[in-house]
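Hi everyone, thanks for making time for this. I'd like to walk you through one model, starting with its pockets and then moving on to its strands and a helix. Here it is on the screen.

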Amino acid sequence: MELPILPTSVIGSYPKPRWLLRAYSLYKLGKLPEEDFREAVKDASVAVLREHERAGVDIPWDGEMGRSEMTEHFTAKISGFKFYGPVRVWGNAYFNKASVVSKLEYREPLVLDEFRWVKENTTREIIKVPITGPYTIAEWSFNEYYSSKEELAFELANILNREFRLLEKEGASFIQIDEPAMLNHPDEVPIAVEAINRAVKGVRVKFGLHVCYSNYYLLADYFDDLNVSQFALEFANRNFRDMEYLKKLTHQELGFGVVDVHNPRVESPEEVAKAIRKVFTYIEPERLYVNPDCGLKLLDRRIAYQKLVNMVKGVEIVRKELAREGKESIPFRGSV
């Protein structure tokens, strides 16, 4: 399977339509039947897919329309977790932090239905399925059962491995593991690495790893220890400074973040193109994908969409330059 050189993608989340947010509120209050809520989620999923496709994104997703939060969505579907109530993260932002109260067990598919729906409703050949990784779920949960975070993370890895095998069987070709917490405790990074490797073991699909807002020099020490073929990292928020650690990428692809998801200012296509040319100092075009820094859900929907439009336009500027060198497409690389 071939892709245009510098394939464009999204990281995961996207702003929910206002009408879907109202549906979430009504559903939680018991004022909206589940059947109506599920239909609203599916409608929003298709709407976001069309926005991504209209923006020109090569590898889309539905913006996680059916997910309320990146860990709660998964812990609610795994037996052994219990919710005591919302926990404040920062400011007025809260999330339902789950607690492990008994042995974790795979109860139902975690994202399989999402994947099936997106696959049926996209015009693109390839989609990327984002899933929160085992270490981050362990780190962002209370542990009242397992003897250590390591034991908990490895149990979650086994559960995710089962889901990955189902996705592979269903035809998924690209899975992104989100691990924003994996570098929080430098002494625990080997635990996170082992948990990720256990989660992907025996699954023959393309795996990417997304890590944001962290010490990438620390992550770079483990590039070759992780059994993934792509690292999706943030760069726009760092003003594209200090990228020397990329020299440690020996064969893996880079998902290059060119859109700052915490800044409402829309980057121009020329800014995006300039950033891409800069990263060519460290990695050849054939191993480069282009994406936002992280999920776009905190932005106004119109701004998020325009950022994607300009991201693609910036990529097209550089594609024209590469075409003069005879570089126009790349093969879709599968598993490691």
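Let's begin with the largest pocket: α1 (18-28), β2, β3 and α10 (301-323) each give at least two residues to its lining. Those labels are DSSP runs, with helices being H or I of at least four residues and strands E of at least two, numbered from the N terminus. Before going further, please keep in mind that this is a predicted model, where local features need pLDDT of at least 70, side-chain atom pairs count only at pLDDT 80 or more, and totals for chains, interfaces and linings use all residues. Residues are numbered from 1 along each chain as its sequence is written, and side-chain values use heavy atoms, with hydrogens and water left out.

You'll want to know how a pocket is defined here. On a 1 Å grid over the protein atoms alone, a pocket is an open set of points where a 1.4 Å probe fits, with protein on both sides within 12 Å along at least five of seven lines, and lining residues have an atom within 4 Å of a point. Volume is the space filled by probe spheres set on the points, which are joined across faces, edges and corners.

By that count, the largest pocket holds about 1,600 Å³. Its lining has 46 residues, and Ser68, Glu69, Met70, Lys297 and Leu298 lie nearest the centre. That lining divides into 22 nonpolar, nine polar and 15 charged residues. Here Ala, Val, Leu, Ile, Met, Phe, Trp, Tyr, Cys and Pro are nonpolar, Asp, Glu, Lys and Arg are charged, and the others, Gly among them, are polar.

The second largest pocket has about 730 Å³ and 27 lining residues, with Phe37, Arg38, Gly66, His73 and Lys77 nearest its centre. The classes there are 11 nonpolar, four polar and 12 charged. Gly66 sits in the loop between α2 and α3.

β2 (residues 78-90) and β3 (residues 93-106) pair antiparallel over nine bridges, where pairing requires at least two bridges found by DSSP. Val87 has Phe95 as its bridge partner in β3. The two strands make a hairpin with two residues between them, and Gly91 in the turn has a positive phi of about 55°. β3 also runs parallel to β5 (residues 142-143), joined by two bridges.

What about β9 (residues 253-257)? Five of its five residues are buried, so β9 is largely enclosed by the rest of the structure. Glu253, Gly255 and Gly257 are on one side, with Leu254 and Phe256 on the other. β9 pairs in parallel with β8 (residues 230-233) over four bridges, and with β10 (residues 288-291), also over four. Phe256 is the bridge partner of Leu233 and stands opposite Val290 in β10.

Last, helix α6 (residues 149-170). Its 22 residues should span 32 Å at 1.5 Å a residue, and its end C-alpha atoms are 31 Å apart, which agrees; the expected span is 1.5 Å times one less than the number of residues. After α6 comes Gly171, with a positive phi near 110°.

Note on methods
Buried < 20%, exposed > 50% of the residue type's maximum accessible area, 1.4 Å probe, protein only.
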